[in-house]
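Please walk through the structure shown below with the text beside it.

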Amino acid sequence: MLKSKTFVKKTRSGGVLKIVREHYLRDDIWCGSEVCVECGDGAPVLLRDPRIESDLCTYPHYLLPDTNVVLHQIDILEDPLIRNVIILQTVLQEVRHRSAPVYKRIKDAIHDKEKHFYTFTNEHHRETFIEREQGESANDRNDRAIRVAAKWYTDHLSKAPNVGELKVVLLTNDRANKEKAEQSGLLAYRCEEYIKSLIGNPELVDRLALASDDQNDITGSKLLFPEHLPLSRIQVGIKSGTFLQGTFRASRDNYLEATVFIHGDGEDSTEVLLQGLQNLNRAVHQDLVAIELFPKERWVAPSSVVLQDDRPNDEDAEEEDAEKKLESTVSDTSVLKPTGRVVGIIKRNWRPFCGMLNQSQIKEATRHLFTPADRRIPRIRIETRQASTLVGQRIIVAIDGWPRNSRYPNGHFVRNLGGAGDKDTETEVLLLEHDVPHQPFSQAVLSFLPKMPWGITEEDLKVRTDLRHLCVCSVDPPGCTDIDDALHCRDLENGNLEVGVHIADVSHFIRPGNALDQEAANRGTTVYLCGKRIDMVPELLSSNLCSLRSNVERLAFSCIWEMNHNAEILNTRFCKSIINSKASLTYAEAQMRIDDAGMNDDITTSLRGLNKLAKILKAQRIEKGALTLSSPEVRFHMDSETHDPIDLQTKELKETNSMVEEFMLLANISVAQKIYDEFSESESGRKSRLDLARSSLGLGQYFAQIFCPVFHAVSLSLSLPLSQCLCSLSLTRAVSLSLSCAVFSSLSCCLSLPYPVSFSLTLSFPHLLCLSLTRAVSLSLLCCLSLSLTLSLPPLPCLFLSHPVFSSLALSFSHSRCLSLSLLHCLFLSLTLSLPPLPCLFLSHPIGFVHKHFWWFWSYFISLSLYHYSFQGPTLTVEDQHTFHIFDKVKVTISLDASNIQHQKIRMALVEPVIPGVSVALPEPGPEAKKPKLDR
């Protein structure tokens, strides 16, 4: 059956356009139930006897939720107890338009065969499709369509033989919709009413999202915040310039302060300061907000006070004292920043938050405060009856809303992760908080993997260069299974050398746009943890087919140079290749071969040639002004039985580490040059803040601005000798800043000579760890070589760091640092460490210390009760008894402060020099414990 709707509309040019919309209706759409014999469904989804023990529904029943239930109670629907649910097409379409994350979650539940969720296309069924009536809103029409579909299911299933007491229950939180459904003879219940009736599952009640009426019930009557403006007024205000739009960024150190990053064109982006609860106005970190800028006479300076909202349960206490403290601690009123207030929320960025429960001091209370692990997120009020069980556990909570009369947002319990301090639990928290995708690969992704057994085909031999005869080998860390690069070096008949870098050809197995490609782009990189890793692509690719293991044939992308013995490149060629690695070596094994004069096999000869050329290449880079930007890499030793960290050491770098780095860099440069030559007006490059600063300030002045006043009296000219420690800190800071860079088109800006590599061009070569970022490079190089006749490469767009891939990489980097901190906390949990004299440096108040293992953690400070800081020197005078100068030798102890289990800290205590009231006695060594077994 075909229904059509015809209407006309006026175009911009003044013409009239006739539009005809056709809607096909069918009468053979299955109901999806095992009970029904009329539909003849060959693969029914809904079970014949769907029993859930309930005081309200004592009979077998199917659940049919409306749109609001799916949107707000998705945590309930995902529970394994909730099965045999009918999801209407009307509901699914509306959820898709209103919330993409919820739509993905309900689709995952539908695809889970254990859940028995069935999608009924009621909009195309002849008996359930309805047209919108005159004067009827779209929402009312959809509610009516849901009721019609529920009525059809009730009547349809009643005709089935042996149906018994099977019924269809409509779940809705809309009071009017429920009343109309009951008038039509339908079974309809509120979601909360139904969940509370379930027998033996009280934990589900805690997962109920609060409705707006319930939120008003549990909050006070006093209005604490201004009302948010409607979106229509916000849009008009932004267009007229009255309001500004930006991203809300809460402060970690002061819960009464935040900044809003105003999105502008180019360098027009600015930050606006917000201070006080009224001006923050219920915004949560990363929300997209509209703000009103104050006149200049109301601008204030950022506060230097540290304020943490850690009161036990004084939920709605006045904030006047804290705000007065905030105002009174402004140290320099001349340093003012644009200041404003939040007038409305454009888009919420709420997500499930990890943290811990603060149990109410009121006996048998059900309302408690939840403290998120991220200090930038406000505490959340939840209602739970299992508070005594959840105390000391890491849990997940979701925000339901934030009324004007509530000091904190309201939310609900989602699930329990495990005990606080447990290594697996803390790792899970870090992964969730940093949004690192770590769920198993879906069947849709796995379906695009190649069939096994896999091998080289005749077609591969026709289009690829056969390099299986070359003595190729790989050099990687011990235990590496995802070997993505290999090298070779051999003598040519003309007396020159042939050197090759071979990268695993991942693009052969992952085609653009499929589910595997999209999942890899979402993950962005492989995340390495202690004892395991989270792969970017399935293990079949990462550790097998795309791993250049020894003595197996693999597909690769090769960059091959002809060089003389002075490491000068005479010729460069690129090709898709087939290789057979002759050895998979560790850095230590490769170094041993190079150093052993008795070994002269082909692999060792190749390694010696590569090492010799790498030394020349590195010397040439350093001579041209390259900086050494590597920082110490720390390795944790784990107990073989408990898998807890028991020791850590700095990894020793060998010549072979540098050898691999030099040739990977050379491959990047060669590929960049090739692509730039071919696509000089469309290729993407990067300009870091370091390059921008160097052009106007000079590198030394730039460092001085970064580290002022720490390096106030220290010359940072590269021509002057610097302390090795100071150089390391300076350059590491420069690397950190260069990560936040602008990606630009080469058409709009000339590529300048970067300090780190001292070459004019660098570009990422295709490799396994960062597939999405390098696909454009791979495709560009293929076009340059004319290797893919069917490939059409559009003009490459300008990329920006807001791309999800850059976010994944940044989050993965942040996660790895947090994981290291977590392992250090475990290491110091039962250990107080006494360190020998260390050089110290300090910022404007605390003292920081530099140690070969710990120098890269800037959070280890000693809090001093009375000190005087002087910019001249700089110096720090403590208790008027001792003056510290930069890089003075001190002796400290390190221990774990676990007084706040939610936010544990590593503390340092001064031992020498002795300052009465500040220094502590050296702890006496306890009995020597049995040495644990090391798991290396």
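Is Asp 75 buried or exposed? Asp 75 is buried, because its relative accessible area is 6%; buried means under 20% relative accessible area, exposed means over 50%, and partly exposed lies in between, with a 1.4 Å probe and protein chains only. The model is predicted, so local features need pLDDT of at least 70 and side-chain atom pairs count only at pLDDT 80 or more, while totals for chains, interfaces and linings use all residues. Residues are numbered from 1 along each chain as its sequence is written, and side-chain values use heavy atoms, with hydrogens and water left out.

Asp 75 lies in helix H2, residues 74-77. Helices (H or I, at least four residues) and strands (E, at least two) are DSSP runs, numbered from the N terminus. Neighbours within four places in sequence aside, Asp 75 is in contact (heavy atoms within 4.5 Å) with Arg 105, Arg 207, Ala 398, His 412 and Val 414.

Now take the whole chain. Its secondary structure comes to 26 helices and 40 strands, and 47% of its 936 residues are buried. Of the contacts between residues at least 6 apart in sequence, 67% join residues at least 24 apart.

In soluble globular proteins, nonpolar side chains tend to be buried together. Here the largest nonpolar core has 58 residues, and those with the most contacts inside it are Leu 64, Ile 82, Ile 106, Tyr 153, Tyr 194 and Ile 195. A nonpolar core is a set of buried Ala, Val, Leu, Ile, Met, Phe, Trp, Tyr and Cys residues joined through side-chain atoms within 4.5 Å. H5 gives this core its largest share, 6 residues. Apart from this core lies another, of 32 residues, among them Cys 489, Cys 559, Tyr 587 and Ile 603.

Helix H5 (residues 138-158) also meets helix H3 (residues 89-98): their axes come within 9 Å and cross at roughly 145°. Axes are lines fitted to C-alpha atoms, for helices over the stretch in contact, and angles run from 0 to 180 degrees between N-to-C directions. On the H3 side the residues are Thr 90, Val 91 and Glu 94, and on the H5 side Asn 139, Arg 141, Asn 142, Ala 145 and Ile 146.

Next come the sheets. 5 strands close into a barrel in the order E13-E14-E15-E17-E16, with mixed pairing; two strands pair if DSSP finds at least two bridges between them. Neighbouring strands of this sheet are turned by 55° against each other on average, direction ignored. Strand E15 (residues 380-383) and strand E17 (residues 410-419) pair in the parallel sense over 2 bridges, and Arg 381 stands opposite Asn 410 in E17. H14 packs on the sheet, touching strand E13 (353-358), strand E16 (393-401) and E17, and its direction makes about 140° with that of E17.

In helix H14 (residues 423-433), the buried residues are Thr 425, Glu 426, Thr 427, Val 429, Leu 430, Leu 431 and Glu 433. At the start of H14, a side-chain oxygen of Asp 422 reaches to within 3.2 Å of the backbone nitrogen of Asp 424.

Another 5 strands form an open sheet, ordered E10-E9-E8-E11-E12, with antiparallel pairing. Strand E10 (270-275) and strand E12 (340-347) are at the edges with a single partner strand each, so one side of each has no neighbour in the sheet. Strand E11 (residues 288-293) pairs with E12 over 6 bridges in the antiparallel sense, and Ala 290 has Gly 344 in E12 as its bridge partner.

Most residues other than glycine have a negative phi, and most peptide bonds are trans. His 116 has a positive phi near 60° and sits in the loop between helix H4 (100-111) and strand E5 (117-120). A cis peptide bond, with omega about 0°, joins Met 452 and Pro 453.

Definitions and conventions:
A polar contact is a pair of N or O atoms within 3.5 Å; within protein, one must be able to donate a hydrogen and the other to accept it, and residues adjacent in sequence count only if both atoms are side-chain atoms.
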